[in-house]
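Biologist: I have a model open on my screen and would like to learn how to read it. Could you walk me through some of its features?

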Amino acid sequence: IQSSADDGMQPSADRAAAPTPPAAPAKAAALAAPAPLAAPAPLVADQPASCMCVDIHTRNELSAQLLRCLASEMANRSLSAEDALVELRRGVLPADETGEGERRGAFGLESVPFGMSLLSARISRVAAQKSFGSVVANVFGKDQLLSKAERAVVELERGAFAHEVRDRLASMLIRHYDTLGQHHCSYDLAQCSADEAGRHAAACPFRAHSCASPRCGLQMSAHEAGAHDAQCPWKVLGCPRGCGAQFVRQKVGEHLEGSCDRREAVCPFAKIGCGVLCTQGELSQHLGDHSSQHLLFALAVIGRQQQILSGATAELLDVRNRAHAAEAECVAYRQEIGSLHKTLTAMQKEQSALGKRVAASDAHLKKVDVSMAKLGSTAGSSDRAAQTALSKLTGEHSKLKATVDALVSALKREK
């Protein structure tokens, strides 16, 4: 990685006034044909007059982000590792933030007012840049693009952007962007004596610290040591109950619930009367010292169980007798049901015959109704003829009576 002083990225006014540095042709040739990355130059100049410690957790996260950014550049823009590093430097250190001489701040760079969030945003912006070919590949071959990025990560880790190089670059960027001093130590060692510098090195909150647990060995900053020690799963602890056993923190629950000699234990004879409270370590001695009492408890339980068994046997016999009686009743009921079934069958047959007779009677009644209707019609006609004849007879009778009356009257006059 080229240093900020060598790439000529000054502000525009300084760039116009400054003469062309003699190394410019060599720089142009280096960009045209990049040299191997075996020994990259520092991104910014280290300042030995200040403490160089940074927060290790922040450094590791930033280191991983830088690796992913370079891999994305190589996959999305088809850049070489050298060109990807150049583009990354341009993205995280714009020309208007670099200067020469007295204008340059700590580590050769001016302070950045926006802190680590600005650095993260700039790295993400560089990683998001894509060529037209990568855009098309992302649409039609996203898996191939991801595979290419994974191969780029392996290439970078095995090449000149190994873990140590990434950590050094991340440390320099943290010291440049962390203007509030939240992620690095800004202690000034320029005016300190060797003893003072040594005391600060031993007490710096951002100094490197390794977990004391042999099976852990996690690297962290010293100010995180207390919090990690309070939760390190590999720290060797003593039993909180004081049984004397030692184990790693992640085995505490297993020990307390299992082999701890001071774990509260339940006597196997507690359910039959033993009320002695003891621990897991005292249980064996308790069983040996109270074996006779446990035997008495067991005998008492056996006696009660024998009484219960005798009562249950008598109840069982009674149930069996009642079952036999119920079975006999069932047989009688079945026989009665058979007889009723036969009676029902006979009644059904009789009902069927009665139904047939009723059907025949219905047919006969229908015939009678038809005959009566015909007879009624004939009787009606006879009645009308008789009434007509009667009317004639009545008329004739009236005439005859009138004649008779006339004759009688005539006879009376004659007399």
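Biologist: Let me start with charges: how many salt bridges does the structure hold?

Modeller: A word on the source first: this is a predicted model, where local features need pLDDT of at least 70 and side-chain atom pairs count only at pLDDT 80 or more, while totals for chains, interfaces and linings use all residues. Residues are numbered from 1 along each chain as its sequence is written, and side-chain values use heavy atoms, with hydrogens and water left out. Now the general idea: side chains of opposite charge can pair when their charged atoms come close. A salt bridge here is a side-chain nitrogen of Lys or Arg within 4 Å of a carboxyl oxygen of Asp or Glu. The structure holds seven of them.

Biologist: Which parts does the salt bridge between Glu 87 and Arg 77 tie together?

Modeller: Their side chains meet at 3.8 Å, N to O. Glu 87 sits in helix α4 and Arg 77 in the loop between α3 and α4, so the pair links parts ten residues apart in sequence. Helices are DSSP runs (H or I, at least four residues), numbered from the N terminus.

Biologist: And what separates Glu 87 from Arg 90?

Modeller: About one helical turn, because they are three residues apart in helix α4. Glu 87 and Arg 90 also form a salt bridge, with the closest N and O atoms 3.5 Å apart.

Biologist: Now the inside: which residues touch the most other members of the largest nonpolar core?

Modeller: A nonpolar core is a set of buried Ala, Val, Leu, Ile, Met, Phe, Trp, Tyr and Cys residues joined through side-chain atoms within 4.5 Å. The largest has 28 residues, and those touching the most other members include Leu 62, Val 92 and Phe 161. Its largest share, seven residues, comes from α3.

Biologist: What is Val 92 in contact with?

Modeller: Contact means heavy atoms within 4.5 Å. Leaving aside neighbours within four places in sequence, Val 92 contacts Leu 119, Arg 122, Ile 123, Leu 173 and Tyr 177.

Terms used: Buried < 20%, exposed > 50% of the residue type's maximum accessible area, 1.4 Å probe, protein only. Helix = DSSP H or I, 4+ residues; strand = E, 2+ residues; numbered from the N terminus.
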